[in-house]
Amino acid sequence: MTFSDIFKSSFISNINTFSILDILLALGLSFVLGLFIFIIYKKTYQGVMYSDSFGVSLIAMAMITSLVIIAVTSNVVLSLGMVGALSIVRFRTAIKEPMDIAYLFWAIAVGIVLGAGLIPLAVIGSVIIGVIIVLFSTRKIGDTPYILVVSCDNRNCEMLANKIIKTYAKKSVLKSKTASKLGIELTYEVRIKDGNTDFINILSEAEGIGNASLVTYNGEYMS
């Protein structure tokens with residue numbers, strides 16, 4: 001192989017198939033829209049522990065996906081190889097919040113659309129999605145659910161606890177009941193009237209009730 005053969009290589013010739021301006025434009029827009037997704041995520045986050053790394057990963061996801069799509073759309077053979085390579089990738093990170101999946105898919109979709117050159121679709125679609133998420137996240141939909149744990153000495157105390165809970169809670173559902181020689185432990189899902197938690201004091205002061213604990217419920221049992 002001579003020096004001139006290197007420049008005749010198909011690998012080197014592939015450099016000319018990409019427009020530097022298109023690459024910079026796609027990556028720049030994917031960064032801007034990824035940053036927009038990150039801001040919406042940070043503004044509307046309602047989970048237990050906020051993670052900056054996840055927010056940054058949304059920006060990276062949009063840019064990386066855009067880069068991959070640009071490469072795939074330029075070469076059919078490369079697209080087949082890319083599909084095979086990505087099919088063996090396994091992600092082990094647990095997604096705790098359902099909305100996190102939506103944000104990940106949103107970032108990937110933005111990268112795909114920008115990589116395909118559909119800039120208006122990516123920009124307009126992201127703005128509409130962002131506005132909808134902000135509107136729904138700022139509105140209270142239903143009452144906040146709580147988990148109530150009550151410890152009772154005997155059956156009579158259990159009936160008293162049930163009576164107090166039904167009187168002060170807007171809605172209550174018994175989730176679990178544990179009975180032992182030491183007493184009875186009850187776990188309820190409750191909806192509180194007007195956010196008033198004073199009935200917990202009434203429960204704890206009732207005769208035969210050892211303690212009463214109230215925690216918010218967000219799908220992970222406790223928070």
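Colleague: How is Val 131 classed by relative accessibility?

Modeller: Buried means under 20% relative accessible area, exposed over 50%, and partly exposed in between (1.4 Å probe, protein chains only). Val 131 has 44% relative accessibility, so it counts as partly exposed. Val 131 lies in helix H7, residues 119-138; helices are DSSP runs of H or I with at least four residues, numbered from the N terminus. This is a predicted model, in which local features need pLDDT of at least 70 and side-chain atom pairs count only at pLDDT 80 or more, while totals for chains, interfaces and linings use all residues. Residues are numbered from 1 along each chain as its sequence is written, and side-chain values use heavy atoms, leaving out hydrogens and water.

Colleague: What span does helix H3 reach, and which of its residues are buried?

Modeller: The expected span is 1.5 Å times one less than the number of residues. Helix H3 (residues 20-44) has 25 residues and reaches 36 Å from first to last C-alpha, close to the expected 36 Å. Its buried residues include Ile 23, Ala 26, Leu 33, Phe 38 and Tyr 41.

Colleague: How many disulfides does the structure hold?

Modeller: A disulfide is a pair of cysteine sulfur atoms within 2.5 Å. The structure holds zero. The sulfur of Cys 152 has its closest cysteine sulfur in Cys 157, at 6.1 Å, which is too far for a bond. Cys 152 is buried, at 2% relative accessible area, and Cys 157 is likewise buried, at 8%.

Note on methods:
Helices (H or I, at least four residues) and strands (E, at least two) are DSSP runs, numbered from the N terminus.
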